[in-house]
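This report describes a model in terms of its chains, its domains and its packing. The sequence and structure are shown first.

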Amino acid sequence: MLELIDLAIRLPGGRPLLGPMSLRVEAGQVLSVMGPSGVGKSSLLDAIGGHLGAGFALQGRVLLDGRDLTGLPAERRNIGMIFQNSDLFPHLSVGQNLGFGMPRRHRDRRARIESALVDAGLGGMHDRDPATLSGGQRARAALMRGLLAEPAAILLDEPFSALDAQLRDEIRSFTFDHLRAAGIPALMVTHDAQDATSAGGPVIALG
Amino acid sequence: MHRRSLLALALAALATPAMADWTDTLQAARGQTVYWNAWGGDQRTNDFIRWVGQQTEERFGVEVVHVKLTDTAEAVTRVLSEKSAGRTEGGSVDLIWINGPNFLSMKEQDLLHGPFAGDLPNARFLDLSEGAPAALDFTTPVDGMESAWRLARFVFIRDADRVPEPPVDMAGFVDWAAANPGRMTHPDPANFMGATFLKQALLELAPDPRALKAPVTDAAYAAQTAPLWDWYDALRPNLWRGGEAFPENESVQQQLLADGEIDIAMSFDPAAAAAQVEQGLLPETARVFVPDAGSIGNVSFVAIPFNAANREGAEVVADFLLAPETQARMQNIEVLGSFSVLDPERLDAEAQARFEALPTAPALPTLAELGPTLPEPHASWMTRLTEDWADRHTR
Amino acid sequence: MSLAARFLPALILTAILLPIGAGLWQTALAAAGHLPAIGAQGPDLAAWAALWDRPGLGRAVWLSLFTGIGATLLSFLLALASAMAITRKGRGGRLLAPLLAMPHAALAIGLAFVMAPSGWIARAVAPVLGWDRPPDIASIGDPFGLSLIAGLTVKEFPFLLLMMLTACAQIPLRRHLRAGRALGASEARLWLAIILPQIWPLMRLPVLVVLAYSMSVVDVALILGPSNPPTLAVLLARDYADPDLTRLMSGSAGSLLQLALVGAAAGAGLLIRRPVARLGGAWVHAGAPAPGAGIALRALRGAACVAMTLGFGAMVALVIWSLAWRWAFPDLVPQELSLRIWARSVQGWAAPLANTLIMAGASTALALLAAIAWLESETRSNRRLPWAEAAIFVPLLLPQIGFLFGVNTAALRAGLSPGMWLVIWGHAIFVFPYTMIALADPWRAVDPRHFRAGAALGAGPWRRLFALRLPILLRPILTAAAIGIAVSVAQYLPTLFLGAGRTPSLTTEAVTLAASSDRRVTAVVATIQAALPLMGFAAAFVIPAILHRNRRDLRGA
């Protein structure tokens with residue numbers, strides 16, 4: 001369960017940007033945050049994920065399964081993040097990308113990666129250059145990369161807005177199916193009402 | 001090891017005190033690496049220095065590293081900056097190829113180790129009596145602070161095809177240049193060779209050449225150099241580039257000769273023409289010549305800085321340079337072609353035979369052809385002359 | 001971590017500025033007549049008086065200003081004209097690498113042969129003009145230093161061009177040009193009025209580096225410059241090499257004078273920008289036609305082609321000379337080719353080659369490590385240090401001769417023996433700024449989302465550095481290394497002064513030999529000297545091409 005308690009963000013100048021706000025996302029649930037651009041949606045995700053830039057001031061607390069994450073660096077929060085353009089690391093193969101975040105304890109890395117590839121419709125593409133994938137393939141690979149890291153929560157930043165309309169439906173259902181299967185809390189910011197509807201979870205409007 | 005030290009002991013017991021000292025020196029030198037700072041602009045000299053290092057390593061266990069200089073003063077500056085920094089031992093320079101003003105400078109600033117030269121075993125083959133060429137460096141007494149190793153004679157190089165009849169004296173260069181404008185030059189007098197060209201002319205043109213042996217005075221300078229500057233003013237307009245630019249040193253000048261830009265070059269090595277023909281740098285017709293009255297000669301020395309880290313090794317190298325075998329090899333035209341500094345009368349028959357057996361080459365002059373050796377003027381004249389030249393002819 | 005991040009740039013700057021400061025201090029002492037080792041117990045003005053009395057000082061100063069400013073201006077103009085052509089055609093930039101890699105000394109030696117009265121150009125026209133011996137013309141070493149300007153330009157304009165192309169990549173060049181052309185402005189006009197003002201802030205530093213270098217260069221000026229009097233830098237080098245040891249003090253005074261001259265020229269260059277910009281602005285607003293601009297640009301582009309040709313001609317000349325046995329005027333090619341000189345001189349260049357490899361490898365590794373540490377600490381602390389970044393370039397802006405003699409003394413006094421380690425340190429000081437130039441922009445340009453994604457996948461700062469940042473930056477890192485090797489290989493005075501001559505490199509060897517009568521041996525050493533950095537650039541090109549053959553997004557960068 002992901003909880004925000006009185007979370008407030010100030011811009012580097014000191015001007016308040018967001019909040020204070022409190023919310024809670026249950027495991028297996030996708031909470032959608034909606035609002036026009038510039039309202040601070042992305043900063044909210046950065047604050048939760050630990051990516052907030054220098055100068056931003058943060059108040060309040062972030063709790064994940066009861067653990068206080070406030071002040072931890074991003075890599076120790078165990079929170080995955082999916083971006084708009086789903087950029088894969090350009091110097092690694094598709095398979096290497098998927099394995100990047102996988103916990104070290106797993107012995108059967110290659111098998112896990114292969115089965116995730118098949119699951120994403122990318123069977124046999126382990127050694128492909130990520131630059132040669134189509135937009136939909138990239139989006140699915142990026143999601144699988146995030147899930148293979150076994151995060152305790154996941155954040156989605158406009159995950160479908162770079163995709164064309166036809167592809168968007170397909171990737172949406174792929175994503176939400178997998179998020180539900182993973183059984184972790186997910187928080188998505190979007191300006192597209194369709195995204196929120198498909199997610200099927202609670203919706204919060206900002207701004 | 002045991003046998004060697006026994007042998008050393010036996011030698012020490014038998015020999016004179018000086019010999020005993022030398023045995024100590026040899027022992028201390030073993031395993032040392034001597035950093036020999038020497039001008040590196042001549043391939044054959046560089047090759048010879050490398051050969052010396054191979055020999056001393058084989059015979060005495062002394063390695064030689066040739067630190068190549070563009071100018072001897074580089075090494076002088078190095079020793080000086082070590083002295084500035086208070087480094088009175090373990091210095092980086094062990095041996096310097098030196099003479100003239102650089103020697104005077106180091107001697108005056110107490111930058112040299114010695115006297116040592118007279119105590120070298122092979123010094124017995126040298127004439128070190130007062131006033132002998134190996135005991136004087138630019139009229140400055142050597143006082144054992146440096147040891148001779150090769151003989152330098154100022155010579156001109158010409159292409160006999162282009163200069164069939166070279167001038168017979170310095171005055172003759174004025175007419176030759178007038179007839180062949182732009183076909184000769186001299187190195188910048190800031191360079192040693194350029195200064196020597198002026199000195200050679202001064203020796204011939206000065207009303208009283210004896211005055212040049214004493215330190216320069218204003219009156220003597222004015223009187224003795226007046227004819228020189230008249231001569232030079234007549235010569236200069238017909239020099240290469242109208243006498244407005246000069247090659248940096250004699251090597252650049254020799255390159256100009258090889259390229260055909262000029263027809264006369266200069267060298268301190270009587271074998272220079274023969275050597276460069278042999279190396280394909282100059283045409284077969286290259287020859288050296290000197291004015292009929294002779295040319296300036298000086299001896300090249302090696303000196304050891306006061307703070308040399310490998311002093312004993314340096315002495316061993318200096319001594320090896322004086323071995324008749326080394327000197328004969330040095331005089332071999334196929335090796336270096338530089339004349340020996342040894343006194344022929346002090347050599348035994350075997351050593352003399354070595355010298356007589358040396359090969360000759362058409363471009364190599366005989367000693368007779370080189371004529372008399374003229375002594376260098378006092379070093380103060382050179383300083384004065386080059387400064388005056390710079391005042392007169394720098395734009 | 002943040003403590004170390006704060007601490008690292010300070011440490012790096014100390015390693016750079018401490019020796020330079022100590023060196024300048026020693027130079028200042030000697031210039032003030034204080035050199036106890038030769039009994040000079042100043043302070044007094046004797047050194048300055050002696051300097052003042054040097055015949056030809058005034059002209060030497062004038063020559064330094066004229067050749068330095070002339071070469072910088074010409075290089076800038078040629079770079080500008082070439083940048084216009086290259087950005088329009090989108091190719092031609094590759095040709096720069098060999099000229100960038102070529103060490104100054106090797107290029108000057110090769111150019112001297114191409115341009116000399118007995119050189120290739122003269123040999124080519126000799127049959128037409130009936131010359132059987134070289135003409136007595138000052139086509140190198142002319143009293144105005146024009147051949148020195150030409151030589152410096154051949155070497156420096158490719159550097160400025162490279163910097164300019166990098167700068168152009170950071171602005172929306174094509175959009176500006178398309179928009180401007182749609183308004184009916186000529187290309188020349190757009191570059192001067194729109195592009196130049198945008199890239200100038202990025203070009204300022206490289207231009208100053210070229211200016212400082214051109215005004216104080218010794219080796220190139222010795223080979224191509226005037227001799228009577230020479231430029232100030234050569235005059236000072238002669239002072240340092242004079243048997244009369246008091247000349248060390250006038251030489252030190254001269255070094256300070258040179259420092260002041262470089263400072264004045266650089267200051268004037270920066271100040272003049274404002275009036276030029278204002279005039280230029282007025283010209284843009286007036287919309288006046290520029291009838292000569294097109295012709296001038298064409299002439300400059302032609303000159304750039306000539307400069308390139310000269311540079312490549314110099315390289316070819318070096319190689320041929322190294323293979324020649326006898327090559328007399330007016331033969332266009334040697335009468336006899338042979339490998340004898342290579343074989344005979346192998347003992348002469350084997351050790352310098354080994355030294356050069358060690359120096360270049362170690363100093364480049366050191367400089368690269370420092371650059372990565374600097375940029376990573378910038379990344380982690382998330383702040384840039386403008387003043388510190390400017391201070392990195394101090395070594396490139398000061399005339400080397402002004403502080404290297406002093407660095408040597410200061411090192412000795414601190415108990416450091418001259419030798420390989422000191423030389424490597426010295427080289428690294430000059431290599432580091434170039435690696436920063438090569439690496440900083442690509443470093444900052446990597447998409448930050450990669451690192452956020454990496455962090456979200458559990459990668460800590462070190463893993464983000466080693467598993468993401470460095471592999472992504474492989475190509476620029478290797479390019480920086482190649483530039484570093486080229487810079488290290490070309491160092492002459494630092495190798496000489498800090499190694500006490502005991503660490504001969506290919507460059508010290510080439511310069512020593514350039515003053516010898518055997519041009520062929522010089523050519524052998526200069527060829528190897530030029531080949532090393534070229535191989536570095538080739539490796540920087542080939543290695544990523546192989547490792548990233550299957551990574552499209554990294555190929556173009």
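**Domains of chain B**

Domain bounds are those of an automatic or database domain assignment. On that basis, chain B comprises domain 1 (2-150 + 298-364) and domain 2 (155-297 + 371-393). Taken over C-alpha atoms, the centres of domain 1 and domain 2 of chain B are 29 Å apart.

The model is predicted: local features need pLDDT of at least 70 and side-chain atom pairs count only at pLDDT 80 or more, whereas totals for chains, interfaces and linings use all residues. Residues are numbered from 1 along each chain as its sequence is written, with chains lettered from A and ligands numbered from 1 in the order in which they are written.

Contact between two residues requires their C-beta atoms, placed from the backbone, to lie within 7 Å. By this criterion, 17 residues of domain 1 of chain B meet 19 residues of domain 2 of chain B. The domain 1 side of this contact consists of nine nonpolar, seven polar and one charged residue. Here Ala, Val, Leu, Ile, Met, Phe, Trp, Tyr, Cys and Pro are nonpolar, Asp, Glu, Lys and Arg are charged, and the others, Gly among them, are polar.

**Contacts between chains**

Two pairs of chains touch, and the pair B and C has the most contacts. In this pair, 52 residues of chain C are in contact with 58 residues of chain B. The chain C side receives at least two residues from each of helices H11 (232-240), H15 (346-381), H18 (401-413), H24 (506-514) and H25 (519-547); helices (H or I, at least four residues) are DSSP runs numbered from the N terminus. H18(C) provides the largest share, four residues. By class, the chain C side holds 27 nonpolar, 13 polar and twelve charged residues.

Chains A and B do not touch, and their nearest C-alpha atoms are 48 Å apart.

**Helix H3 of chain A**

A residue is buried if 20 or more other C-beta atoms lie within 10 Å of its own, exposed if 12 or fewer, and partly exposed in between, with C-beta atoms placed from the backbone. In helix H3 of chain A (residues 109-119), the buried residues are A:Ile113, A:Ala116 and A:Leu117. Seen down the axis of H3(A), they fall within an arc of 105°, so they line one face of the helix; the arc is that of the directions from the helix axis to the C-beta atoms.

These buried residues of H3(A) pack against helix H2 (94-99) and helix H4 (135-148) of chain A. The face turned away from the buried side carries the exposed residues A:Ala111 and A:Val118.
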